[in-house]
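Let's take a walk through a protein model together. Have the sequence and the 3D view ready, and follow along as we go.

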Amino acid sequence: MGNWVVNEGLSILVILVWLGLNAFLFWWYYRVYDVPVKYHYSRKLLGSALAWARAPAACLNFNCLLILLPVCRNLLSFLRGSSACCSTRIRRQLDRNLTFHKMVAWMIALHTAIHTIAHLFNVERCVDGRVEAKGTIQAALSDLGDKTGETYLNFVRKKIPNPEGGLYVAFTYLAGLSGVIITLALILIITSSTKTIRRSYFEVFWYTHHLFVVFFIGLVIHGAGRIVRGQTDESLKEHNPHTCEKNFTQWGKISSCPIPQFAGNPPMTWKWVVVPMILYFFERLVRFWRSQQKVVITKVVNHPFKTFELQMMKKGFKMEVGQYIFVQCPTVSHLEWHPFTLTSAPEEDYFSIHIRIVGDWTEGVFNACGCDKQEFQEAWKLPKILVDGPFGTASEDVFSYETVMLVGAGIGVTPFASVLKSVWYKYCNDATSLRLKKIYFYWLCRDTHAFEWFADLLQSLENQMQERDNAQFLSYNIYLTGWDESQATHFTVHHDEEQRCD
């Protein structure tokens with residue numbers, strides 16, 4: 001229980017640090033555009049919407065730096081397996097990578113909404129400044145750049161009234177067009193990532209999720225137009241906005257208030273995202289290379305409860321207990337990769353997974369492997385299987401403790417099949433070197449059929465412990481969460497018979 005509290009505490013700490021950095025970046029960049037004299041005239045033209053647009057932009061850069069890192073599975077697996085990286089408790093936080101990935105995605109969506117809404121106000125004021133704000137300082141600032149020797153502050157150069165002017169900016173300027181594209185891409189990515197779409201229409205999820213390439217390209221070039229502009233340092237030395245603001249009609253006519261000069265901010269997003277983009281590019285290269293290595297299905301075993309087992313071999317494949325792999329069956333789908341926990345032990349000369357039939361893809365693999373036929377299936381008729389992995393999980397640390405508690409539900413018991421098998425092999429070979437002294441195993445199942453494929457393993461391990469006079473090593477408790485009245489009567493009768501025999 002103590003370890004659980006520490007681990008949860010670390011998770012909360014990670015979340016608080018992440019939220020704190022977001023809050024700090026928002027506050028810092030809001031002040032950068034709301035306080036300094038450099039953006040005094042920018043604020044006069046745009047109002048507070050300038051700072052409200054730039055503050056979430058900084059948070060977007062930060063979160064876009066983070067969004068790709070949790071899905072670099074090979075990088076995370078390497079870090080998790082490296083004791084030199086950090087302590088075991090901290091490395092364990094890497095197992096929550098997808099949860100963090102989703103949280104970052106929602107944060108990106110939030111800041112995108114704030115950034116977009118603020119820029120809508122900015123565009124409206126820029127267009128109005130060119131068309132309607134006659135005789136005001138906004139009009140004077142908007143007209144700068146029309147004459148030779150002047151630099152502009154208002155990036156809108158054509159005098160087209162709203163709403164046509166706003167649409168013109170959105171679809172003809174680089175910042176506007178790229179902003180529309182990346183916002184639409186983000187909307188499609190997030191909406192297609194919901195559990196309903198992901199499970200029922202996986203290929204829709206797959207295709208739209210790869211719009212992240214469009215999103216990142218658009219994000220990098222979004223600031224290339226340099227539409228956010230401020231007064232140059234040289235101009236500030238000659239033209240003080242606080243004293244010259246009231247004399248805007250005399251700019252360039254009096255020596256104390258020459259015409260102010262402006263320049264756009266250089267694009268900065270690429271500096272934030274270039275490293276994670278490179279890391280992710282190499283991640284995909286590694287995945288492709290590993291997935292193209294030949295996999296041989298050595299055995300297909302039908303188990304009760306709509307479960308079948310694939311035993312496979314792959315050159316150079318090395319695993320630890322509790323790890324998982326991604327599997328693709330091109331016969332069923334060229335796009336779908338599904339994660340499965342390895343149920344074999346590292347000591348075995350093959351690796352295996354157990355697949356429960358719960359959808360179209362799993363049923364397709366079941367039929368492709370000939371499990372729906374009674375006759376023997378020839379090896380050459382078995383489908384091609386692609387494998388990416390293995391990848392690390394928290395179960396790898398099971399042998400680092402003297403006492404462990406394993407809790408599984410339904411087919412979710414598969415990680416512990418690997419653990420228990422490995423324990424069995426270690427006891428057979430050299431029990432004295434095993435630090436693990438006690439296992440508490442809890443398994444929740446819906447009906448009795450779920451026990452059958454796992455029962456042999458538990459029985460073998462229990463017999464092994466009894467032969468070595470260590471029957472207390474494994475304590476397992478199986479809970480049936482769904483049964484009917486006939487099953488209850490059956491258990492009651494047999495229980496009474498056993499009591500009378502005793």
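Start at the link between Cys244 and Cys257: with -90° about the S-S bond, it's left-handed. The two ends sit in distant parts of the chain, 13 residues apart. Cys244 belongs to helix H14 (residues 241–244), while Cys257 lies in the loop between H14 and strand E2 (262–264). Keep in mind that this is a predicted model.

What kind of link is this? A disulfide joins Cys244 to Cys257, with 2.1 Å from S to S. In general, a disulfide is a covalent bond between the sulfur atoms of two cysteines. How many disulfides does the structure hold? There's one.

Now, are these cysteines buried or exposed? Buried means under 20% relative accessible area. Cys244 has 0% relative accessibility, so it counts as buried. Cys257 comes in at 2%, so it's buried as well.

Next, move along to a sheet. Three strands make up an open sheet, in the order E9-E10-E11, and they pair in parallel. Strand E9 (403–409) and strand E11 (474–480) are the edge strands, each pairing on one side only. On average, neighbouring strands here are turned by 10° against each other, direction ignored.

What holds strands side by side? Strands of a sheet pair through backbone hydrogen bonds, either parallel or antiparallel. Zoom in on E9 and strand E10 (residues 438–445): they pair in the parallel sense over seven bridges. To find a spot along the way, look for Gly408, which stands opposite Trp443 in E10.

Definitions and conventions:
Residues numbered from 1 in each chain as written. Predicted model: local features only at pLDDT ≥ 70, side-chain atom pairs only at ≥ 80, totals over all residues. Heavy atoms only, no water. Disulfide = S-S within 2.5 Å. Helix = DSSP H or I, 4+ residues; strand = E, 2+ residues; numbered from the N terminus. Buried < 20%, exposed > 50% of the residue type's maximum accessible area, 1.4 Å probe, protein only. Pairing = 2+ DSSP bridges. Axes fitted to C-alpha atoms, helices over the stretch in contact; angles between N-to-C directions.
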